[in-house]
Amino acid sequence: MKLKSLLLLLLLAAQAPWVYSWSNHTLISHDLLQALPEVRDAAPVEVESIEAFLMATESDLAVFLDEQEQQLRDSLWHYAPRPDSLRFIANGDAQSVRQRFTQAIRINPNSKLALYVQLLPGEARDGMPIAASDVRTLTDPVHLEEVQLIQLTEGRRVAPLDVVTTANDEPDHGLDIGLFTDSNTDYGLEYGFGAQPFGNPALPYGTQAPFHMGFYHEPKIIYAAGGFLKRTYPEYRIILFKQLAEFAFAQGHDYWGWRFMGWGLHYVGDFSNPYHVTPLPGASTLDILIPGVLGVIGLPSAQQKATQLTSNRHTALEDFQQEVMDRAYIAQQSSLLISALVPPETSVPFTNEQVIGLIAKTAYDKAEQVDRVLQQAMPAKFINDSAIEYSDLGVKSQLPDIVLQESGLEAYQRMETVVADLLGDFAQYGTAYVRSILLYRRQ
């Protein structure tokens, strides 16, 4: 029991600082989707508020959500069933329809669901700006302060590419915040997810961890020591939003078809990052368990070291990715990372079973390699010194330059290559995900 508790603390601490996956998901989705002719060349769609969509489809949506819930209960890995009290019931009340829907799909009911477009770094367009506070429920993510957000109005037409790339960043804006019984929210007490299994509930963004991280491929002894690892929900989100997108397209409400697609694609992107599919990338089973054992006998330093090093490496990986891509977009130049997002010529058709068996497994199998490259390429003081909190160093904006200057061109290129490889996985699986949804779009 003590070992289980210590493992929980180890994972809680390790995951607390970096619940986000790739920084700014518009960066990793734009070029992929722009290269897909079925997205790039799709006709502009009419902007529609969430209330208008829900009232127009209310009766059919009630039937669909009941059927979907039964399917999720029958097929998902360690699914937490939606309480029957949260069923979406068609009652014709436009004032309550948003609340009825958000509780039926169990997202933060305070989510803004604003009508807007999020542009790329360095991109600017004419239009009425909308404040970051009007599209998110969190003070993070900070990248929203650095890009242009343009307000949309109902009835206006907008390119599907803009809808999907904007929506692709939204799950990090607060959709999955406060959903557990210990989240100090009224809705968390009702949603049926129980107490938060891991992540730090005290942090503003910490409660989204179990929805953006999925640990499906750990050794049995790890699950025996920490069964809470099984309580992860990205698979639920990927399938939930995929089917909602298909429903919206089949009903002829294309704006919300594209937007739900972007939401689901976010979690597919999360699963291309090894730090979201295994608790301590690069660590062996003994590396995970020994700190807990040492903690039992009163030696917590190994636990503290493991969590700090993992946190620093995850943050450095994503800082490198964002800075390299930001610079390329601002300078309007290509980069290896952007080139990696070209859709594959052929892709395996998407199935729900692939979420765990293929998408998460691919990133899981690359965790050790990614950790090794980080140790080879990043300056040691950033990722090998447990006495340092990397994010406190304030080096993010200079990180690519520091890697190049201190570690050399070869190390810089290794970092680019390993990140590009992960983004290439997202391109492959994201393409399949998008195309499977578009089969339901009316022509």
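Reply: The model is a predicted one. The chain holds 18 helices and four strands, and buried residues make up 59% of its 443 residues. Of the contacts with a separation of 6 or more, 79% are between residues 24 or more positions apart. The accessible surface comes to about 17000 Å², and carbon and sulfur atoms account for 51% of that area.

Helix α15 covers residues 367–377, and E368 lies in it. E368 has a relative accessible area of 54% and is therefore classed as exposed, the cut-off for that class being over 50%. The C-alpha atoms of E368 and L280 are 9.6 Å apart in space, while the two residues are 88 apart in sequence.

D371 gives a contrasting picture of burial in this helix. Its side chain meets that of R313 in a salt bridge, with an N to O distance of 3.0 Å. Because D371 belongs to helix α15 and R313 to helix α12 (residues 301–331), the pair ties together parts that are 58 residues apart in sequence. Both D371 and R313 are buried, whereas E368 is exposed.

The loop between α14 and α15 supplies a further link. K366 forms a salt bridge with D421, and the closest N and O atoms are 2.8 Å apart. K366 lies in that loop and D421 in helix α18 (residues 409–438), so this pair ties together parts that are 55 residues apart in sequence. At 16% relative accessibility, K366 falls under the 20% limit and so counts as buried. D421, with a relative accessible area of 31%, is partly exposed.

The side chains of D365 and K361 meet at 2.9 Å, N to O. An α-helix has 3.6 residues a turn, so residues three or four places apart point the same way. D365 is partly exposed at 48% relative accessibility, and K361 is also partly exposed, at 29%.

Elsewhere, D66, R82 and R87 are linked in a network of salt bridges. A charge is also placed against a ring at K381, whose charged end sits over the ring of F382, 5.0 Å from the ring centre.

W77 and Y216 form one that is edge-to-face, with 4.9 Å from centre to centre and 70 degrees between the planes. This pair links distant parts of the chain, since W77 is in the loop between α4 (50–75) and α5 (97–104) and Y216 is in the loop between α7 (209–212) and α8 (220–225), 139 residues apart. W77 is partly exposed, with a relative accessible area of 26%, while Y216 is buried at 8%.

The rings of F101 and F260 have planes at 50 degrees and centres 6.2 Å apart, so this pair is tilted. It also links distant parts of the chain: F101 is in helix α5 and F260 in helix α10, 159 residues apart. Both F101 and F260 are buried. They are members of one aromatic cluster, which also includes F53, F64, F241, F247, Y255, W256, W263 and Y267.

Helix α10 itself is mostly covered, as 17 of its 17 residues are buried. Its residues, 254–270, should span 24 Å at 1.5 Å a residue, and its end C-alpha atoms are 25 Å apart, which agrees.

To return to the question, E368 lies in helix α15, and D371 meets R313 in a salt bridge.

Terms used
Residues are numbered from 1 along each chain as its sequence is written. This is a predicted model: local features need pLDDT of at least 70, side-chain atom pairs count only at pLDDT 80 or more; totals for chains, interfaces and linings use all residues. Side-chain values use heavy atoms; hydrogens and water are left out. Helices (H or I, at least four residues) and strands (E, at least two) are DSSP runs, numbered from the N terminus. The expected span of a helix is 1.5 Å times one less than its number of residues. Buried means under 20% relative accessible area, exposed over 50%, partly exposed in between (1.4 Å probe, protein chains only). Contact means heavy atoms within 4.5 Å. Accessible areas come from the Shrake-Rupley method with a 1.4 Å probe; for residues, only the protein chains shown count as cover. Rings of Phe, Tyr and Trp (its six-membered ring) pair if their centres lie within 6.5 Å; planes under 30 degrees apart count as stacked, over 60 as edge-to-face and the rest as tilted. A charge sits over a ring if NZ of Lys or CZ of Arg is within 6 Å of the ring centre and within 35 degrees of the ring normal. A salt bridge is a side-chain nitrogen of Lys or Arg within 4 Å of a carboxyl oxygen of Asp or Glu.
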